[in-house]
Structure formats: structure tokens, C-alpha cells
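Colleague: Could you take me through the ligand site of this model, one step at a time? I would like to see how the site is put together.

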Amino acid sequence: MIPVGFDYARPDSVDAALALLAEHGEDATILAGGHSLLPVMKLRLAAPELVVDIGRLGELDYIRADGPEIAIGAGTRHHSLEISELLAAEVPLLPAVARTVGDPQVRHRGTIGGSLAHADPASDLPAAVLALDGSVVLRSPRGERTVPITRFYTGVFSTVKEPDELIVEVRVPHTGSAGWAFEKFTRRANDWAIVGVAVADGRIGLVNMGSTPLRASATEAALARGASIEEAALLADQDTDPPADIAATPQYRRHLARVLTGRALRTARPRS
Ligand SMILES: Cc1cc2nc3c(=O)[nH]c(=O)nc-3n(C[C@H](O)[C@H](O)[C@H](O)COP(=O)(O)OP(=O)(O)OC[C@H]3O[C@@H](n4cnc5c(N)ncnc54)[C@H](O)[C@@H]3O)c2cc1C
């Protein structure tokens with residue numbers, strides 16, 4: 001449980017952090033809240049030579065309206081999502097999901113950028129951003145690019161992010177009249193989801209149903225064709241590949257996906 005030795009840098013700006021990433025390439029790793037990176041380093045599944053701590057960069061900590069979208073700095077903590085009045089009014093799915101992440105300690109340290117970058121298919125926020133049809137803004141010394149969340153994940157714990165890129169922002173559209181809901185099935189309060197279902201405007205994001213966060217595309221298509229919620233929800237596990245672990249078999253996860261999707265679609269409510 002002791003990580004391999006590493007150097008530590010705490011740059012005072014995003015530009016300085018980017019310069020360090022450009023200089024050290026794959027030998028450097030970003031530290032934000034540390035709630036996923038540090039366990040991974042302690043288990044020696046990661047052994048970066050340099051840890052670049054962006055956890056105190058105020059310039060990455062904001063939630064603001066920007067045209068038809070809400071822009072959220074990558075360093076914004078889960079707790080800030082939870083208590084944001086702007087999000088409560090415009091994108092209420094995000095505070096509702098953030099409220100279910102871990103415990104208060106995790107929510108006061110963990111960041112939305114770290115959660116998306118870590119690419120754990122059991123994480124809640126990536127599936128929520130997927131249901132919202134959001135995007136991720138990546139910056140490097142080469143410039144900035146905006147990647148739709150639908151193209152961000154490439155596999156378990158992997159994304160299109162290059163080693164010299166930093167997630168600087170997450171962008172989500174305002175929720176429309178079709179409403180939102182989040183269903184998270186856990187054995188105990190504060191646990192990770194055995195399965196989770198996020199719904200926003202008829203789009204459905206699934207937690208822990210494959211190697212990446214997934215859309216329940218067959219259900220979405222059935223709803224668009226005019227199928228009832230009951231019929232459409234039965235398709236929620238189509239094209240998924242749920243894992244087997246100590247919490248559940250794949251068959252049980254498939255069952256949960258169908259039940260929770262039906263429940264989420266029935267309770268989806270318009271933003272107030
Ligand atoms: C006890 C416990 C319970 C938890 N329960 C849940 C839960 O129920 N649901 C849930 O969704 N999550 C849960 N988490 C995970 C938590 O949400 C983490 O905070 C989150 O996954 C990672 O965010 P972080 O800021 O801590 O990232 P870090 O741990 O600092 O970093 C994680 C990874 O992302 C990279 N990274 C971080 N920020 C950036 C950036 N801006 N640009 C590029 N790369 C970056 C790092 O290099 C690292 O590879 C739990 C964690 C713990 C410890």
C-alpha cells in the first residue's frame with residue numbers, strides 16, 4: 001500500500017501544468033482530488049515519475065452559463081456540483097448524481113475532471129454527462145479541442161486524451177422539457193453503483209454495464225418510435241457487456257438495467 005517513489009510539482013497555473021506535461025510526457029500524471037489516482041498508485045497499478053498537482057488551481061474551479069451550455073471547470077469538486085444553484089435550475093441531473101458519489105469526504109476532494117479522466121465504467125458522473133450529451137474540453141500546448149463525450153471513451157480506464165493534454169472544462173446543455181432522473185442501485189449507502197441509470201431529455205446513460213459508460217440506444221430508439229416505457233425499458237441491456245464481480249452477476253446487472261431504466265423513465269421530471 002505504499003506507492004513507488006515519485007517527484008511532485010504544484011504548478012501555479014494551467015499553462016505551467018501544461019508545460020510540465022509537455023516536458024515529461026507519459027512519465028507525468030495529473031493529480032486533482034487524488035481519490036482515484038492515489039489508490040491506483042498505492043496498489044502500484046500506476047507508477048508515475050512526476051505527479052503534477054492541479055488540485056488548487058482556482059482557474060479550473062467554476063460553474064457558469066455560456067450560451068446554450070453550462071461550462072464547468074475540470075477542477076470543480078463534486079460537492080460544488082451538489083450545491084450549485086445554477087445547475088439546480090438548469091441541469092438538475094448533475095447535482096442529483098453528484099450527491100450520490102461516495103461520502104462527503106470523497107465529494108469534497110473528487111473533481112468532475114478527475115472522474116471523467118479516470119474512465120471507470122462504475123463511476124456515476126461520466127454516465128450523467130453521456131445522458132446530457134455533454135463534451136470535454138482538452139488543452140495542450142498544441143491548442144484546445146472539444147470532444148463530444150460520445151467519442152471520449154475508448155475502453156476501460158482509457159480515453160482519447162493524449163499524455164500532454166489536460167481536461168480543462170466539461171460542457172453540458174441545459175436540460176429541456178423532457179426532464180431528467182437518476183437511479184443508482186447499491187447494496188449500502190455510499191457504495192459504488194452496481195448499476196446506475198441517468199436519464200436526460202430521452203437520452204439514457206448506463207453506469208457499470210460495460211467497459212465504458214454506455215447509452216441505452218435500443219431503448220432510446222424504441223421510445224422515439226413511440227414504444228411504451230415498459231416495452232422500451234426491456235431493451236435497456238441490449239448491446240451491453242456487464243461485468244461479473246463480487247456484487248453481481250452479468251445477468252443480475254442486465255435485470256437491474258431494465259428495471260432501473262423503466263423506473264428512471266417513469267420518474268423523469270422536467271427542470272423546474
Ligand atoms: C471511497 C471512495 C468512494 C467513491 N465512490 C464513488 C461513487 O460512488 N461514484 C463515483 O462516481 N465515484 C466514486 N469515487 C471516485 C471519486 O468520484 C473520484 O474523486 C473520482 O473518480 C476521481 O476524481 P479525482 O479528482 O479524485 O481524480 P484523481 O484521483 O486526482 O485523478 C484520477 C485520474 O484522472 C486524471 N486527471 C484528473 N484530473 C484531470 C484533468 N483535469 N485532466 C486530465 N487528467 C486528469 C489523473 O491523472 C488520474 O489518472 C469514490 C472514491 C473513493 C475513494
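Which helices and strands each supply at least two residues of the shell around the ligand?

Modeller: Happy to! This is a predicted model, in which local features need pLDDT of at least 70 and side-chain atom pairs count only at pLDDT 80 or more, while totals for chains, interfaces and linings use all residues. Residues are numbered from 1 along each chain as its sequence is written, and side-chain values use heavy atoms, with hydrogens and water left out.

Strand S2 (28-31), helix H7 (112-118) and strand S10 (166-173) each supply at least two residues of that shell, and H7 gives the most, with five. Helices here are DSSP runs of H or I with at least four residues, and strands are runs of E with at least two, numbered from the N terminus. The ligand is surrounded by 31 residues (a heavy atom within 4 Å), the closest being Ile 30, Gly 34, Leu 37, Thr 111 and Asp 124. By class, the shell has 12 nonpolar, 15 polar and four charged residues; Gly counts as polar in this scheme.

Now for the polar contacts (N or O atoms paired within 3.5 Å). Ligand oxygen atoms lie 2.7 Å from a polar backbone atom of Ala 32, 2.7 Å from an N or O atom in the side chain of Thr 111, and 3.5 Å from a polar backbone atom of Ser 115. Taken alone, the ligand exposes 980 Å² (Shrake-Rupley, 1.4 Å probe), and the protein buries 89% of that.

The space taken by the ligand is the largest pocket, judged by more than half of the ligand's atoms lying within 2 Å of the pocket's grid points. A pocket is an open set of points on a 1 Å grid over the protein atoms alone, where a 1.4 Å probe fits, with protein on both sides within 12 Å along at least five of seven lines; lining residues have an atom within 4 Å of a point.

This pocket holds about 1,200 Å³ of space, counted as the volume filled by probe spheres set on the points. Its lining comprises 48 residues, with Ser 36, Leu 37, Gly 114, Ala 117 and His 118 nearest the centre. Two or more lining residues come from each of S2, helix H2 (37-42), H7, helix H8 (124-131), strand S9 (158-159) and S10. H7 again leads, giving five residues, the largest share of the lining. The lining divides into 21 nonpolar, 19 polar and eight charged residues.

Terms used:
A polar contact is a pair of N or O atoms within 3.5 Å; within protein, one must be able to donate a hydrogen and the other to accept it, and residues adjacent in sequence count only if both atoms are side-chain atoms.
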